[in-house]
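User: I would like to go through this model and ask what stands behind each term used for it. Please set the values against the cut-offs.

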Amino acid sequence: MSLAALDRLKACHEELIGALDGHDVDAVEASVARLRGAVEEVRAAGGWRDNPEVKGRAEHISRLADAARARVKFLTDLNLNRIDAIDIMRGRADGARYGRDGGLVR
């Protein structure tokens, strides 16, 4: 596996974290697109378990992915709380939302 591919993947994760921290939707979307390409490049290369240096970098990148995931969960919770607050102001405190399958979730 190319260490350059891992470096690109690391940079993409760092860029995504910055975009999430900046609350910039356009930057998040662009970062996700670049991250998708970097993940595909690393996945296609394979063989990361054969090299201890590559394995160490991959573990660091995994921690960056966890950091990005934590930010996404935080922002999701923040938005759900805002939706609940709007529902309460409108007199609907049941917290109705639509789920991933499009059905109403209560």
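User: Which residues of α1 are buried, and what makes a residue count as buried?

Analyst: In this predicted model, the buried residues of α1 are A5, L6, L9, C12, H13, L16, I17, A19 and L20. The term requires under 20% relative accessible area, so these residues fall below that cut-off.

User: Why are the buried residues of α1 said to line one face of the helix?

Analyst: Seen down the axis of α1, they fall within an arc of 165°, so they line one face. They pack against α2 (25-45) and α3 (52-89).

User: How do you know that the length of helix α1 agrees with its number of residues?

Analyst: Helix α1 covers residues 3-21, which is 19 residues. At 1.5 Å a residue they should span 27 Å, and the end C-alpha atoms are 27 Å apart, so the two values agree.

User: Why are α1 and α3 called roughly parallel to each other?

Analyst: Their packing angle is about 20°, and their axes are 10 Å apart. Angles under 35 degrees count as roughly parallel, and α1 and α3 therefore qualify. The contact is made by residues including L6, L9, H13 and I17 of α1 and V54, I61, L64 and L75 of α3. α1 passes α3 in a left-handed crossing.

User: What follows α1, and in what order do the elements of the protein run?

Analyst: H23 follows α1, and its phi is positive, near 55°. From the N terminus on, the order is α-α-α-β-β, with three helices and two strands.

Technical notes:
Residues are numbered from 1 along each chain as its sequence is written. This is a predicted model: local features need pLDDT of at least 70, side-chain atom pairs count only at pLDDT 80 or more; totals for chains, interfaces and linings use all residues. Side-chain values use heavy atoms; hydrogens and water are left out. Helices (H or I, at least four residues) and strands (E, at least two) are DSSP runs, numbered from the N terminus. The expected span of a helix is 1.5 Å times one less than its number of residues. Buried means under 20% relative accessible area, exposed over 50%, partly exposed in between (1.4 Å probe, protein chains only). The arc is that of the directions from the helix axis to the C-beta atoms. Contact means heavy atoms within 4.5 Å. Axes are lines fitted to C-alpha atoms, for helices over the stretch in contact, and angles run from 0 to 180 degrees between N-to-C directions. Angles under 35 degrees count as roughly parallel, over 145 as roughly antiparallel, 65 to 115 as roughly perpendicular and the rest as oblique. A crossing is left-handed if the near helix is turned anticlockwise from the far one by less than a right angle, and right-handed if clockwise.
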